[in-house]
Structure formats: structure tokens, C-alpha cells
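Subject: the model you asked about

Hi,

Here is the structure to open in your viewer.

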Amino acid sequence: MNTQAAATSVRHSIVVDAPVEIAFSVFTEDFDSVKPREHNILGVDIAESVFEPRVGGHIVDRGVDGSECRWARVLAYEPPNRVVFSWDISPLWQIETDPDRTSEVEVRFVAESQDRTRVELEHRHLDRHGDGWEGMREGVGGDQGWPLYLDRFRTSAQQIEY
């Protein structure tokens, strides 16, 4: 896994042994296998995490009691090459309702061969979150942040038979 961090962004990339269409599909249609259940700001356990596959959709955690936490807005949806979504979580790990105080995550899927895809993730504009954004950068950039998500994603994508 390759990792780089700029002042106000975090970048990670991985390569998966899966065609670009499969990689994109797993990330967007099976986000539940990517997002760890312990990454939870609901008041109850998560039953599922859903990526609504369209511009204007959300990434939603659904609780076991039916409650929902919409923690991201889908800003770009370009299968099988790219998705961009907002990060509507504050440095206090609570929902941020002011779009001007949110960052964004871009995920690009680049075919390296017919059966191999490079996935490039950039979480940018972290400074928009205001006070405490540096701690958020450390959180999303650290081992339990995007690297964990991408590792789980790789495992899921490489289990698909095609």
C-alpha cells in the first residue's frame, strides 16, 4: 500500500487483482463489506452501511433499531472510474450539517490490466473542518482509517469470481 500526506489531504493507493468494473462495483455496491462496524457514530450497533449509487445519494449507516446516520453525500458517480463523496463528520466525530465545513473523498479506479486495478483514494480539504482538523487527518490517514478500509475492500474485491 502506498501512502502520501499533503498538508490538508491524505492519499492512499492499492492494487487489487480484479477488473476495474468489479473493483468499482464492490466499493459502491458492497460498501458494507468495506466499512468496519466499529466505525460508528450511531447510538446503536450498525446493521448495514449503504452507498447510494448516484449523484445526490448518501452513504448511510443503518442501525439495528432502524435509525440512520447519513454521513456522506455522493458528489460524483462515474462508473467504473471514479466516485467523489463528502465527509460530513466533524473533528469531534459527530455529523457536520454545514457543507462548507466538510471535506471530500475522491476514489479513482484505474485499470492496470484486464484483471488488475489500481485504486487511488484522496481525502482532501480537511482544513475545511476548522479547529481540530489535524487530528482528523491523523485519524483518517492512520492504520485504522483509510488503509483499513482499503485493505477490507481489497479482500472483498479479490473474493469475487469473474
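In strand S6, Phe85 is the residue opposite Val74. Strands here, like helices, are DSSP runs numbered from the N terminus (E, at least two residues, for strands; H or I, at least four, for helices). S5 and S6 pair in the antiparallel sense over 4 bridges, where pairing takes at least two DSSP bridges between two strands. The two form a hairpin with 3 residues between them. Pro80 sits in that loop between S5 and S6, and the peptide bond from Pro79 to Pro80 is cis, with omega near -5°.

Before going on, keep in mind that this is a predicted model, in which local features need pLDDT of at least 70 and side-chain atom pairs count only at pLDDT 80 or more, while totals for chains, interfaces and linings use all residues. Residues are numbered from 1 along each chain as its sequence is written, and side-chain values use heavy atoms, with hydrogens and water left out.

Asp61 has Cys69 in S5 as its bridge partner, and Ile59 stands opposite Ala72 in S5. This hairpin has 4 residues between its strands, and Gly66 in the turn has a positive phi of about 95°. S4 pairs with S3 (residues 46-51) too, in the antiparallel sense and over 5 bridges. There, Val50 is bridged to Val60 in S4. S3 and S4 make a hairpin with 6 residues between them, with Gly56 in the turn at a positive phi of about 95°.

Now the aromatics. Rings of Phe, Tyr and Trp (the six-membered ring for Trp) are paired if their centres lie within 6.5 Å; planes under 30 degrees apart are stacked, over 60 edge-to-face, and the rest tilted. By that rule there are 16 aromatic pairs. One of them is tilted because the rings of Phe31 and Phe51 have their planes at 55°, with centres 6.2 Å apart. That pair links distant parts of the chain, from Phe31 in helix H2 (residues 31-34) to Phe51 in strand S3, 20 residues apart.

Trp71 and Trp87 are another pair: their ring planes are at 75° and their centres 5.5 Å apart, so they count as edge-to-face. Trp71 is in S5 and Trp87 in S6 (residues 82-87), 16 residues apart, so this pair too links distant parts of the chain. Trp71 is buried at 2% relative accessible area, and Trp87 is buried at 5%. One aromatic cluster includes Phe24, Phe27, Tyr77, Trp146 and Tyr149 along with these two tryptophans.

Leaving out residues up to four places away in sequence, Thr117 touches Ile14, Pro19, Ala23 and Phe109, among others.

In helix H3 (residues 133-141), the buried residues are Trp133, Met136, Arg137 and Val140. They cover an arc of only 105° around the axis (taken from the directions from the helix axis to the C-beta atoms), which puts them on the same side of H3.

Trp93 is not a glycine, yet its phi is positive, near 60°; it lies between S6 and S7 (103-113) and is partly exposed at 40%. His125 also has a positive phi, about 65°, in the loop between S8 and H3, and is partly exposed at 29%.

Cheers

Methods:
Contact means heavy atoms within 4.5 Å. Buried means under 20% relative accessible area, exposed over 50%, partly exposed in between (1.4 Å probe, protein chains only).
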